[in-house]
Amino acid sequence: MFSLLSKRFTSASALVKPRKFYKEASVAVETAAAGPQFQVLLDGRKLRTTAGKIFAVESEPLAFAISQEWNSQKEHIDRTHMRLTGLAFTALDNPFEQNKESIVQSILDYLETDTILTFADQPEKLVQLQEQKWSPVIEWANEKYQMDIKPTRSLVEPAYITEQTLDRLQNFLMAQPFWTLIGLQYAVEAVKSSVLITLATASHAMEAAEGAELARLEQIFQTDTWGNVEWSHDVEHLELMSRLSSAVLFANLTSKAYSSS
């Protein structure tokens, strides 16, 4: 039977925000054979995941960041403002029974259709904008991971990606902890299937705001040309930036620097 905490966090529909049922979130530590485990407590009671598991992580900074998400809730619990909690629940419950190999393969599958690897052939202003904004990211990735990726200008021909490039990227990703891969996978899907934007943001080569802008570059160009639907594109940009920054923060806080796995 799920705990009271788990029930209250998951029972309400996505359209109805459940009322806040606690006063304070805090962090506690327990010693385990694998090392210290950090738990989030709600009024002293252990937080549980959607599947009813006790919430426990190896990363102390992540535990404090998640407790802050809970402390930031007002009268009602808004799960759209609790992305770190959601990612941690996904990693702990693993509802799709993923492993490192399956996550790495899903990320690699996105590379061929990476947003910034398909350049337009017209109009000229858009072509120039993509060259200016996207090319430096591709060059950075090639140097950082010793790859030789080349973009395409054709909707038929894919970008130039060698088996050696895939092998090197696969080796890098497989060296990451499972939790970090959960964050990277979410980031890739958030930024319109761009592996390169995700890697650049996760490596601190660019800010999340810039990553969101690069992912929407063509849409921004069209908006500047034809006009903006009031509020809609701004909201989309902020949502994308929120997803990317949360995913990258999660990936960094679960990296080897904070994890023994």
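Modeller: What follows covers the overall fold, the salt bridges, some helices and a few single residues. Please keep in mind that this is a predicted model.

Biologist: Understood. What does the secondary structure come to?

Modeller: The chain has eleven helices and four strands. Its radius of gyration is 20 Å, close to the 18 Å that the globule rule gives for 261 residues, so the chain is as compact as a globular protein of that length. Along the principal axes, the C-alpha atoms fill a box of roughly 60 × 45 × 25 Å.

Biologist: And what share of the residues is buried?

Modeller: Buried residues account for 46% of the 261 in the chain.

Biologist: Let us turn to charges. How many salt bridges are there?

Modeller: The structure holds seven salt bridges. One of them joins the side chains of R19 and E75, with N to O at 3.0 Å. R19 sits in the loop between helix 1 (4–10) and strand 1 (25–32), while E75 sits in the loop between helix 2 (60–71) and helix 3, so this pair ties together parts that are 56 residues apart in sequence.

Biologist: Are those two buried or exposed?

Modeller: R19 is exposed, at a relative accessible area of 54%. E75 is partly exposed, at 48%.

Biologist: Which residue does E131 meet in a salt bridge?

Modeller: E131 meets R153, and the N to O distance between their side chains is 2.1 Å. That pair also links distant parts of the chain: E131 belongs to helix 5 and R153 to the loop between helix 5 and helix 6, 22 residues apart. E131 is partly exposed, with a relative accessible area of 34%, and R153 is partly exposed as well, at 40%.

Biologist: Where do E239 and R243 lie?

Modeller: Both are in helix 11 (residues 232–253), four residues apart, which is about one turn of the helix.

Biologist: Which residues are linked with them in a network?

Modeller: R83, E239 and R243 are linked in a network of salt bridges. R83 is also one of the buried residues of helix 3.

Biologist: Tell me about helix 3, then. How many of its residues are buried?

Modeller: Nine of the eleven residues of helix 3 (residues 83–93) are buried, so the helix is largely enclosed by the rest of the structure. Among them are L84, L87, F89 and L92. Helix 3 is followed by N94, which has a positive phi, near 45 degrees.

Biologist: What about helix 9: which of its residues are buried?

Modeller: In helix 9, the buried residues are A208, G211, A212, L214 and A215. They cover an arc of only 165 degrees around the axis, which puts them on the same side of helix 9.

Biologist: What comes between helix 9 and helix 10?

Modeller: R216 is placed in the loop between helix 9 (208–215) and helix 10 (217–226). R216 is buried yet has no salt bridge; the nearest side chain of opposite charge, that of E236, is 4.0 Å away.

Biologist: What does the side chain of R216 make a polar contact with?

Modeller: It contacts the side chain of H237, at 3.3 Å.

Biologist: Where is T162 found?

Modeller: T162 is in the loop between helix 5 (124–145) and helix 6 (163–174). T162 is buried, with a relative accessible area of 15%. A polar atom of the T162 side chain lies 3.1 Å from the backbone nitrogen of T165.

Biologist: One last topic, the aromatics. How many aromatic pairs are there?

Modeller: The count comes to seven aromatic pairs. Ring pairs link F21, Y22 and W70 into a cluster.

Biologist: And L41, is that buried or exposed?

Modeller: L41, in strand 2 (residues 35–42), is buried, at a relative accessible area of 13%. Its C-alpha atom is separated by 26 Å from that of L181, 140 residues apart along the chain.

Notes. Residues numbered from 1 in each chain as written. Predicted model: local features only at pLDDT ≥ 70, side-chain atom pairs only at ≥ 80, totals over all residues. Heavy atoms only, no water. Helix = DSSP H or I, 4+ residues; strand = E, 2+ residues; numbered from the N terminus. Buried < 20%, exposed > 50% of the residue type's maximum accessible area, 1.4 Å probe, protein only. Lys, Arg positive; Asp, Glu negative; His and termini not counted. Polar contact = N/O pair within 3.5 Å; in protein donor to acceptor, adjacent residues only side chain to side chain. Phe/Tyr/Trp six-rings, centres within 6.5 Å; stacked < 30°, edge-to-face > 60°. Arc of directions from axis to C-beta. Rg over C-alpha atoms; globule rule 2.2 N^0.38 Å.
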